[in-house]
Amino acid sequence: MSNKPNLLRTAAEARLVRAPSSKAPEQSVETLLHELQVHQVELEMQNDQLRASQLALEKSRDRYAALYEFAPVGYLTLSRAGQITAINLTGCTLLGRERGKLLQHRFDFFVSPPDRDRWHIFFSGSLKQTGQLGVELALQRGDDGTFFAHLDCLNSKADGHAQEFQIALTDISAMRLNQQLLESEERLRLATETVRDAIIMLEAEGGTITAWNPAAETIFGYSRDEVLGMPLHDLLTPPRFRAMAQKGMVHFVTCGEGAAVNKTLELPALHKDGTEFFIELSLSSMQIDGQWFATGIVRDISARKQMAQALSQSLLQNQQQLETMRSNLEDTVKAISTIVEMRDPYTAGHQARVAALAVAIARQMGLPEEQVHGIHLAGVVHDLGKIQIPAEILSKPGKLNAIESSFIQTHAQAGYDILSGIKFPWPIAQMVLQHHERLDGSGYPQKLKGDAILLEARILAVSDVVEAISSHRPYRAALGVDAALAEIARGSGVQFDASVVDACIKVVNGNGMKLPK
C-alpha cells in the first residue's frame with residue numbers, strides 16, 4: 001500500500017511545529033485542534049496536487065488532440081456498416097471535405113469506382129479478423145481527382161465483432177509516382193542497353209559526348225569510358241566534313257535547330273580503326289536547364305548500302321539484257337512481217353502503216369508507252385496469218401467469191417496459232433486474233449462483242465480499216481483518207497469503239513498525220 005498519506009501527515013505536522021502554538025485550557029482541546037489543523041494542511045496539499053495533475057492531464061489531452069488532429073496520416077473510425085464515425089483534420093484534408101460532410105457518410109463513397117469491389121471484399125473480410133491489415137486503394141479527393149492511399153486497418157475486438165474499425169490513411173501518391181519514375185527509368189535503361197541501334201547524347205556547348213550505349217560501342221569500336229566528355233566530331237566525323245559540322249554546332253548552341261535536326265540522314269562516319277562506313281542518323285534536340293542537347297539514334301547501314309549497290313548493278317544488267325531481248329524481238333517481228341509482204345506485194349507496207357496509225361491513236365488516247373509499244377508490235381504482224389493464204393487469192397484483181405472470202409478470214413486464227421507459242425510481254429497473239437472483231441458481233445473469227453474485245457484489238461481494227469480504204473488494192477483503186485474516215489464514223493459505237501474513232505479522226509484531221517507510203 002502506498003505510504004503517501006503518512007508522508008502528507010508527517011509534512012503537515014512539521015508545518016505545525018514551525019507555526020506558533022495556541023494554548024488551550026485543556027489537553028484534549030489542544031489535541032483535537034492539532035488534528036484538525038493537520039487534516040486541513042493535508043487537504044490543502046492534496047488540492048494542490050490535484051490541481052497540478054489536472055493541469056498536466058489537460059496539457060496531455062491537448063497534446064494528444066493536436067497529435068491526433070494534425071498527424072501526418074489521416075485517422076478514421078468506421079462503424080460495422082462502413083460509416084465514418086470519427087476522422088481527424090488530416091483525414092478531412094485528404095478526402096477534400098469538411099468534417100461535418102464526412103461524418104456518417106459511407107467510406108466506400110470516397111473509394112474510386114474501379115477499386116470499390118476490392119474494398120468491399122477487404123472490409124467484410126477484415127471485420128472477421130483481429131489484428132492489423134493493410135490495403136492500397138485509389139481514393140477520391142473531393143472534386144480534385146483521385147490519389148493513391150495505403151490503409152492500415154485495425155480490428156481490436158478479439159471475437160471479430162468490433163463495433164468500430166480503426167484506419168490510418170497515408171497518401172502514397174508521391175511514392176507511387178517515384179516508383180513509376182524509377183520503373184520507367186529502369187525500362188529506359190534496359191531499352192537503351194539492349195537496342196541494336198546506337199544512342200548517343202551530345203552536349204551542344206563544346207560538342208562533347210554525354211551518353212553512349214553498348215550498341216554505340218559495337219558500331220563505332222569505342223568503349224563508353226573512351227568517349228564520354230570527348231568531342232564527337234573529332235572521333236566520328238570524317239575530316240573533310242568536320243568544318244561544316246562545327247559550323248552547324250555553333251548554330252545549334254543558340255537555338256537547338258540545324259540542318260540535321262528532326263531529320264533522318266545517311267552519312268559517312270569513322271570507325272575507331274579509321275575506316276569509313278555509312279550510317280543512318282535520326283537527330284532530335286532537347287533543352288535541359290537552358291542548355292541544348294542533341295540525341296542521335298544511329299544505325300550501321302553499310303551492309304544495306306552494299307546490297308543496294310549490288311541490286312542496282314543487277315537491275316542495270318537486267319535492264320541491258322531486257323533491252324537486248326526487246327531489240328532482238330522487234331527485229332524478229334520485223335523479219336516475219338517482211339516475209340509476209342514478200343508474198344503479197346500489193347499489200348506491202350500495209351502492216352507498217354497500220355502499226356504507225358495505231359500507235360498515234362493510242363497516244364492520242366493517253367495510253368501508257370509500254371502498252372503503246374505492244375500495240376505497235378501487234379500492228380507490224382497483224383496479217384501474219386496471210387502467209388498460209390495462196391498468193392493467187394491475195395493478189396486476185398477481181399472480187400473474191402464466198403469461198404475465197406472465207407479462206408481469207410482464216411488469217412486471223414492462223415496468225416494467232418503462229419504467235420501463241422511466243423512469250424511476249426503483251427497479249428500480241430490475242431490482238432492479232434481479234435483485230436477483225438466488231439462491237440456488234442459481226443466480225444470474225446469468234447464473233448466477240450463489246451468489252452470482250454481487247455482495247456488494243458479495237459485500235460488495230462480502226463487503223464486497219466482506215467489504211468485499207470485509203471490505199472490501193474488489186475481489186476480497186478485507193479478511195480482516199482476522207483472515205484476511210486467517213487466509213488469509221490458511220491460505224492462508230494456500232495462496229496467500232498467510239499473513243500477510238502474520235503482519236504483516229506483527231507490524229508488524221510486535227511494533228512495532220514499522214515500515213516506512211
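Phe165 is buried, with a relative accessible area of 1%; buried means under 20% relative accessible area, exposed over 50% and partly exposed in between, using a 1.4 Å probe and protein chains only. Before we go on, note that this is a predicted model, in which local features need pLDDT of at least 70, side-chain atom pairs count only at pLDDT 80 or more, and totals for chains, interfaces and linings use all residues. Residues are numbered from 1 along each chain as its sequence is written, and side-chain values use heavy atoms, with hydrogens and water left out.

Phe123 belongs to helix α4 and Phe165 to strand β5, so their pair ties together parts that are 42 residues apart in sequence. Helices (H or I, at least four residues) and strands (E, at least two) are DSSP runs, numbered from the N terminus. Phe123 is buried as well, at 9%.

Five strands form an open sheet in the order β2-β1-β5-β4-β3, with antiparallel pairing; two strands pair if DSSP finds at least two bridges between them. At the edges stand β2 (84-87) and β3 (131-140), each with a single partner strand, so one side of each is left without a neighbour in the sheet. Ten bridges join β3 to the antiparallel strand β4 (residues 146-155), and Gly134 stands opposite Asp152 in β4. Helix α4 (residues 113-126) packs on this sheet and touches β1, β3, β4 and β5, where contact means heavy atoms within 4.5 Å.

Finally, visit some loops. Asn262 lies between α9 (239-255) and β8 (263-270). Is Asn262 buried or exposed? At 63% relative accessibility, Asn262 counts as exposed. Asn262 also has a positive phi of about 60 degrees, although it is not a glycine. Further along, the loop between α16 (428-434) and α17 (455-470) holds Pro445, which a cis peptide bond joins to Tyr444, with omega about 10 degrees.

Conventions:
Axes fitted to C-alpha atoms, helices over the stretch in contact; angles between N-to-C directions.
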